[in-house]
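Dear colleague,

Please find below the structure that I am handing over to you. My notes on it follow directly after.

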Amino acid sequence: DPGSPEELRRFLSLVEDVRAFATEQAGLKPTRNYTGYVALDRDYVADVVSACAADSFTRYHWRYPFLGELPYKGFYRREDAEEEVARLKAAGLDVIVRKVDAFSSLGFFRDPLYSFMTAYPPDALAELILHESAHATLFIKGAGQFNEEFATFTGRVAAEAWLAMRYGPDSPELAARRARRADGEAFTAWLAETARLLDAAYRDAAMTPEDKLERKASIIAERAAAYREAAPRLFSGEGYRSFDMGSINNAYLDLYRLYEEDLSLYRRWYDEAAGGELPRFISSLLELEREAGTDIKQAMLQRLGS
């Protein structure tokens, strides 16, 4: 439409470039996702609630038709999310609410673009589209951990490949992306160590539930103090430097365990089984899923010889 603002036209052209890369270069399933545009008066799509036991990393699940159990529930009205949070907290669970900018409907509907996405940097926009396209390509009912790890790894690797193709391997866009990734990996590593310390306490059979909650509070306070001291040298981004590590709970930590607990398995598969080629990475896992189903991670380990 020649009447569309130039900024919107550039945005839509960029999206089409990422979509073409997803199918032609990355081997992801072609869909009609991100071919529609919705104007919103806020900067996110929905509030998503996740929950976890207060004295363990036992994840809370919701049941859905067709999809089975998932460890989160989305709400388009903030008030509805807050009601769910109150219900879960009353049951003694740790709870978090996070704003999300996209969902994958797994082909049931045509997922749209939203107006707030026009402000995203190219790499963030590409990763979002490629992450959700990975969900639309391979989703295994009952294998929530695999689904999120697969989409997270695929979105990140594919976004960097797209940036290198569009802007060049030595471009400032790719360099900035890698700096942000380094921050994200350092942050995830900090959370992983915190979760490891907590999990050891939770598994101590000699401790009562009350003892575990006391130890939990102590560990989080100690890790928060250490984080404040280490953050200036660990991170380049101000968001990570100023993060309040003392505000986390089991639900927050478990969210990172869900998406990023160990992406090294996917890196090994990408490097060793797929030869560092995205289409082979996707097609080989699609083939393996037909053989192994929900046991796909175990099958990956067996194929890799570990």
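Is F116 buried or exposed? In this predicted model, F116 has a relative accessible area of 9%, and it is therefore buried, the cut-off being under 20%.

Aromatic pairs

The structure holds 23 aromatic pairs. In one of them, the ring centres of F116 and Y120 lie 6.1 Å apart; their planes meet at 50 degrees, so this pair is tilted. Y120 counts as partly exposed, at 23% relative accessibility.

A further tilted pair is formed by F187 and Y240, with 5.1 Å from centre to centre and 55 degrees between the planes. This pair links distant parts of the chain, since F187 belongs to helix α5 and Y240 to helix α7 (residues 238–241), 53 residues apart. F187 is buried, with a relative accessible area of 3%, whereas Y240, at 28%, counts as partly exposed. Both residues belong to one aromatic cluster, which also includes W190, Y227, F235, F243, Y252 and Y256.

Helices α5 and α8

The axes of helix α5 (residues 172–202) and helix α8 (residues 250–260) come within 10 Å and cross at roughly 115 degrees. The crossing is left-handed. On the α5 side, the residues in contact include F187, L191 and Y202, and on the α8 side they include Y252, Y256 and R257. By class, this contact has eight nonpolar, three polar and two charged residues.

Charges over rings

R257 also has its charged end over the ring of F57, 4.2 Å from the ring's centre. Likewise, R42 lies over the face of Y44, at 4.5 Å from the ring centre.

With kind regards

Technical notes: Residues are numbered from 1 along each chain as its sequence is written. This is a predicted model: local features need pLDDT of at least 70, side-chain atom pairs count only at pLDDT 80 or more; totals for chains, interfaces and linings use all residues. Side-chain values use heavy atoms; hydrogens and water are left out. Axes are lines fitted to C-alpha atoms, for helices over the stretch in contact, and angles run from 0 to 180 degrees between N-to-C directions. Helices (H or I, at least four residues) and strands (E, at least two) are DSSP runs, numbered from the N terminus. A crossing is left-handed if the near helix is turned anticlockwise from the far one by less than a right angle, and right-handed if clockwise. Contact means heavy atoms within 4.5 Å. Ala, Val, Leu, Ile, Met, Phe, Trp, Tyr, Cys and Pro count as nonpolar, Asp, Glu, Lys and Arg as charged, and the others, Gly among them, as polar. Rings of Phe, Tyr and Trp (its six-membered ring) pair if their centres lie within 6.5 Å; planes under 30 degrees apart count as stacked, over 60 as edge-to-face and the rest as tilted. Buried means under 20% relative accessible area, exposed over 50%, partly exposed in between (1.4 Å probe, protein chains only). A charge sits over a ring if NZ of Lys or CZ of Arg is within 6 Å of the ring centre and within 35 degrees of the ring normal.
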